[in-house]
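Q: I would like to learn how to read a structure like this one, taking one feature at a time. Could we go through it together?

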Amino acid sequence: MIQYIFASIMPLLILICIVSGVIAKKNVFALFIDGVNEGLKVTLKVFPHILGITIAVSLLRDTKALEVLLSPICSLLEKSGVPQGIVPIAFFRSISGGASMTMLIDTIENYGVNSKESKMATIIMAGSETTIYVITMLFAAGKITKGRGVIVAGLTADVIAVLLAIILINMNWW
Amino acid sequence: MSYIWCTIIILSIIVSFAFGTADKFIEIISTSSLKAIQNCLTLLGMTCFWTGIFNVLKNTSLIKCIAKILTPILSKLFNKEEINEEINENMSLNITCNMLGVGNAATVYGLKTAEEMSKASKEKGVVSDNLATFIIINTASLQLIPTSIISILILYKAERPTGILVPLWITSIVSLLVGIIMIKVLNKVVKK
């Protein structure tokens, strides 16, 4: 039942969008097409990033370089319930949105969509932002040069999000 | 980003030589670049559908209604002296868009808010307390309905795609609270 309610959120959201457009007497289809166009442009723009990152991550994993890198802390990770597969996305989430989205898809394809790794990666992806990028962009807009700890606070929030994703999924309640 | 990318590539090459898998190197590149294109195409239709739907929402007054509901909650976090009508509207719209997962629209309002907030602040070039808090709200990502993420899970036929909602909400809210507490403390410690 709860599952059904959650699953209905998205069609409901679509309904609300369309109906509010009709009520406001807008050309809903034209607006939709404009939006699709925008999405197309954005996807095209991030494609080079996706290509670069997919190759880099595949190399890192398939040449076993990731294993070599993590081998000193491997047993520590395992004991604390951190799967090796989520280390790349946890590290890249704050740096690049395109990269972390690529890594999410990569994780889902490699470990299966119902795996612990995929669930953790999903929560890391949705529960935090491209902190470094957002801060750079907003600082530039406000012509800010002195940050007063904004980066520290932002990254702390990201670390908390990663830790919570690992802890909550390991609890296995959902 | 550039340093990290180069490090990954160089490291992978060194390791592949060390383990004698250098012959597979080009094979990995060609299969993974094919995968990049596949991933891009898989996501393309869905991403575009949502940007289309949200473009409709962006152009109606509904989003302003939601923003109005948020205003009293937001005003508790900010120093009212430096907030004017325009900042308030842009800020509410930015946070509303973020909560609904409309990232592109959120960015536009976010940039305007940052610009206006630093204009309203007395010291130029220094982050004001208000702007610092606003940036943290943006970086902590409070997504109530993560449309794109759930769509991906459905696309890959997850057993219970909405099962991640509750842990996600907990994660989002706790990390946002930690971020806000951190920035409030740091703003008192770090002088302008």
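Q: Which residue forms a salt bridge with Arg61(A) in which the closest N and O atoms are 2.3 Å apart?

A: The general idea is that side chains of opposite charge can pair when their charged atoms come close. In this model, which is predicted, the partner of Arg61(A) at 2.3 Å, N to O, is Asp106(A). Arg61(A) lies in helix 2 (residues 28–62) of chain A and Asp106(A) in helix 6 (residues 97–111) of chain A, so the pair ties together parts that are 45 residues apart in sequence.

Q: Is Asp106(A) buried or exposed?

A: Asp106(A) is buried, because its relative accessible area is 5% and the cut-off for buried is under 20%. Arg61(A) also forms a salt bridge with Asp62(A), where the closest N and O atoms are 3.6 Å apart, and Asp62(A), at 40% relative accessibility, counts as partly exposed.

Q: Which residues are linked with Arg61(A) in a network of salt bridges?

A: The network of salt bridges links Arg61(A) with Asp62(A), Asp106(A) and Lys35(B). Over all chains, the count of salt bridges comes to five.

Q: How many salt bridges are counted between chain B and chain A?

A: Two salt bridges are counted between chain B and chain A, and one that joins these chains brings together the side chains of Arg148(A) and Asp129(B), at 3.0 Å from N to O. Between chain B and chain A there are also 15 residue pairs in polar contact, with both residues at pLDDT 80 or more.

Q: Which elements of chain B give two or more residues to the side that touches chain A?

A: These elements are helix 1 (2–18), helix 2 (25–58), helix 5 (103–120), helix 6 (129–140), helix 7 (147–155) and helix 8 (165–189) of chain B. Helix 2 of chain B gives the largest share of that side, with 24 residues. Sorted by class, the side of chain B that touches chain A holds 57 nonpolar, 30 polar and nine charged residues.

Q: How should I read the size of the interface, and what area do chain B and chain A bury between them?

A: The size of an interface is often given as the accessible area lost when the parts come together. Here chain B and chain A bury about 8100 Å² between them, and 78% of this area is on carbon and sulfur atoms. Val56(B), Thr139(B) and Tyr156(B) supply 7% of the area that chain B buries against chain A, which is more than any other three residues supply. Counted by residues, 96 of chain B are in contact with 92 of chain A.

Q: Which residues is Asn187(B) in contact with, leaving aside its neighbours within four places in sequence?

A: With those neighbours left aside, Asn187(B) is in contact with Arg148(A), Asp129(B) and Ala132(B), so its contacts include the two residues Arg148(A) and Asp129(B) whose side chains meet in a salt bridge. Asn187(B) is found in helix 8 of chain B and, at 8% relative accessibility, counts as buried.

Q: Is Asn138(B) buried or exposed?

A: Asn138(B) is buried, with a relative accessible area of 9%, and is found in helix 6 of chain B. Leaving aside neighbours within four places in sequence, Asn138(B) is in contact with Glu129(A), Val134(A) and Leu138(A) in chain A, and with Asn94(B) and Asn98(B) in chain B.

Q: How many helices and strands does the secondary structure of chain B come to?

A: The secondary structure of chain B comes to eight helices and zero strands. The radius of gyration of chain B is 22 Å, well over the 16 Å that the globule rule gives for 192 residues, so chain B is more spread out than a compact globule. Taken along the principal axes, the C-alpha atoms of chain B fill a box of roughly 65 × 40 × 30 Å. Buried residues make up 50% of the 192 residues in chain B, and among contacts in chain B between residues at least 6 apart in sequence, 68% join residues at least 24 apart.

Terms used: Residues numbered from 1 in each chain as written. Chains lettered and ligands numbered in written order. Predicted model: local features only at pLDDT ≥ 70, side-chain atom pairs only at ≥ 80, totals over all residues. Heavy atoms only, no water. Contact = heavy atoms within 4.5 Å. Buried area = accessible area lost by both parts, 1.4 Å probe. Salt bridge = Lys/Arg side-chain N within 4 Å of Asp/Glu carboxyl O. Polar contact = N/O pair within 3.5 Å; in protein donor to acceptor, adjacent residues only side chain to side chain. Helix = DSSP H or I, 4+ residues; strand = E, 2+ residues; numbered from the N terminus. Nonpolar A, V, L, I, M, F, W, Y, C, P; charged D, E, K, R; others polar. Buried < 20%, exposed > 50% of the residue type's maximum accessible area, 1.4 Å probe, protein only. Rg over C-alpha atoms; globule rule 2.2 N^0.38 Å.
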